[in-house]
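Please read them alongside the sequence and the coordinates.

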Amino acid sequence: MKLSINNHDWGTIPTHSVAAIQFYCAENNLQFHLDEEEQKVEVKSSLHGKKVWLSVNTTNASINNEINEKVTGVLTDYGIDVSTKSDTGRIRDGDLFVDLVSSKSKGDKRSISVGYNERLNSINVKKNLEIYKHELSFKGYYLIPEHHAIPHLRCSIKCKDEEFLLKEAPAILTHCVLKTLLGNQKPSLLDLDVLHLFQAASNQSGESDTNTVEKKPSKEIHMDDKTYEEIKMRKANRKVREAQERKPYAEIYFDYNVIPNRKSERYSIKADFFIKNTGNVDLMNPKICFRMDPPDKIEIGGQILPPEMSEIFSLQGQNGAQGWKYMGKDWLEKAYSTGEYWIETIQESFIPPGETIAVEGLQFTVESLKEQEVSTILGFVLFEDQDLQLSSNNKIKITF
């Protein structure tokens with residue numbers, strides 16, 4: 001019987017081994033197809049058939065094209081359907097839209113930050129980018145405004161030299177796409193088409209051909225479709241049970257009062273922001289984002305300290321400095337440009353199951369807007385260590 005793995009011919013196998021291959025596919029979320037008429041077994045990775053949109057936007061059009069070609073070539077080998085995109089139109093179908101944007105850095109230092117929209121939850125590509133840590137510093141995550149109807153991931157790279165972009169950007173984009181599509185699923189050699197590379201390397205080195213397996217007379221045994229689906233169902237149920245055993249989750253919400261000022265036509269909002277651990281594991285080091293819209297009409301105040309002042313002016317408890325601080329030295333500049341204020345606890349923190357922590361005493365000031373305009377304040381929390389990103393159950397919204 002002929003064997004095909006990810007559309008590559010792997011020679012022939014004895015019929016009695018089909019059951020083992022079916023079992024392996026069911027256990028590892030791989031696609032399996034048996035064509036009895038053609039006497040052929042086809043195995044494909046879980047990535048096969050995924051639809052990905054790709055857009056590369058640097059200042060050099062030729063680099064854009066070359067990066068597009070390299071990434072498309074690699075992802076297509078995994079069975080992923082890749083379409084390049086150059087316009088700004090809304091994408092309505094597909095599994096992922098990934099884009100690369102670059103800007104010139106002032107010095108020789110290079111950095112990368114990763115953006116994502118609300119349709120893309122629990123994304124953590126930092127670990128996959130660790131191999132670049134000596135030449136490309138990771139600056140964190142940010143939220144992208146909801147524009148497309150599918151998950152959207154953006155790689156924002158700052159660097160001075162185009163040679164680095166041309167050399168490393170295709171691999172960086174590929175890492176991000178594969179991590180996003182696979183999620184928390186551990187990739188197998190078949191998912192990443194590594195077996196085919198081993199096969200090619202073996203053939204080039206002049207070693208004996210491993211594709212052809214000697215046929216041995218045996219009784220034809222293989223699972224029927226019902227048995228195969230039962231194995232897949234048991235695998236899925238086991239994953240559900242494992243997830244239930246250790247499930248990180250939280251309920252997040254604002255508690256606020258709006259106080260209008262008729263003389264100045266401004267609104268003052270006093271708010272507390274609560275994070276309650278409703279899962280069954282500790283939640284570590286919450287990073288909070290308050291997104292203002294429009295960004296130039298809303299100011300934030302309260303007991304949140306700039307990073308450079310956090311150790312001096314923070315509350316001192318039994319375990320040292322306590323409270324909240326803004327993230328990054330350029331936090332204010334980023335907030336003015338994006339409308340996003342990112343904060344974190346001054347010291348490492350955790351929230352036990354059933355417990356609640358809060359950012360208390362927040363004060364938002366909303367400037368007067370034109371008639372029928374709307375101002376909103378959204379809250380998001382990122383637990384980076386646990387691949388968990390959540391939005392608040394409610395938002396603050398004022399219509400003028």
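1. In this predicted model, strands β1 (residues 2-5) and β4 (residues 40-44) run parallel and are joined by four bridges. Within this pairing, Ser4 of the chain stands opposite Glu42 in β4.

2. Strand β4 also pairs with β3 (residues 31-35), here in the antiparallel sense and over five bridges. Asp35 has Lys40 in β4 as its bridge partner. Four residues lie between the strands of the β3 and β4 hairpin, and Gln39 there takes a positive phi near 55 degrees.

3. On confidence, the mean pLDDT of the protein is 81, and 80% of the residues score at least 70. Residues 207-221 have a pLDDT below 50; beyond near neighbours in sequence, the model gives this stretch 20 contacts. The pLDDT is also below 50 over residues 314-320, a stretch with 13 contacts beyond near neighbours in sequence.

4. Which residues have the most contacts inside the largest nonpolar core? They are Ile80 and Leu173, in a core of 43 residues. At least two residues of this core come from each of β5, α2 (61-77), β7 (96-103), β8 (111-116), β9 (137-143), β10 (152-158), α3 (162-182) and β23 (374-383). Helix α3 supplies the largest share, ten residues. As general background, nonpolar side chains in soluble globular proteins tend to be buried together.

5. Leaving out residues up to four places away in sequence, Ile80 touches Leu47, Lys50, Val52, Leu75, Leu178 and Leu181. There is also a second, separate core of 32 residues, which includes Ile269, Ala271, Met292 and Ala335.

6. Is Val56 buried or exposed? Val56 counts as buried because its relative accessibility is 6%, under the 20% cut-off for that class. The residue belongs to strand β5 (residues 51-57). Apart from neighbours within four places in sequence, Val56 is in contact with Asn64, Ile67, Asn68, Leu100 and Leu173.

Notes:
Residues are numbered from 1 along each chain as its sequence is written. Side-chain values use heavy atoms; hydrogens and water are left out. Buried means under 20% relative accessible area, exposed over 50%, partly exposed in between (1.4 Å probe, protein chains only). Contact means heavy atoms within 4.5 Å. Two strands pair if DSSP finds at least two bridges between them. pLDDT is the predictor's confidence in each residue, from 0 to 100. A nonpolar core is a set of buried Ala, Val, Leu, Ile, Met, Phe, Trp, Tyr and Cys residues joined through side-chain atoms within 4.5 Å.
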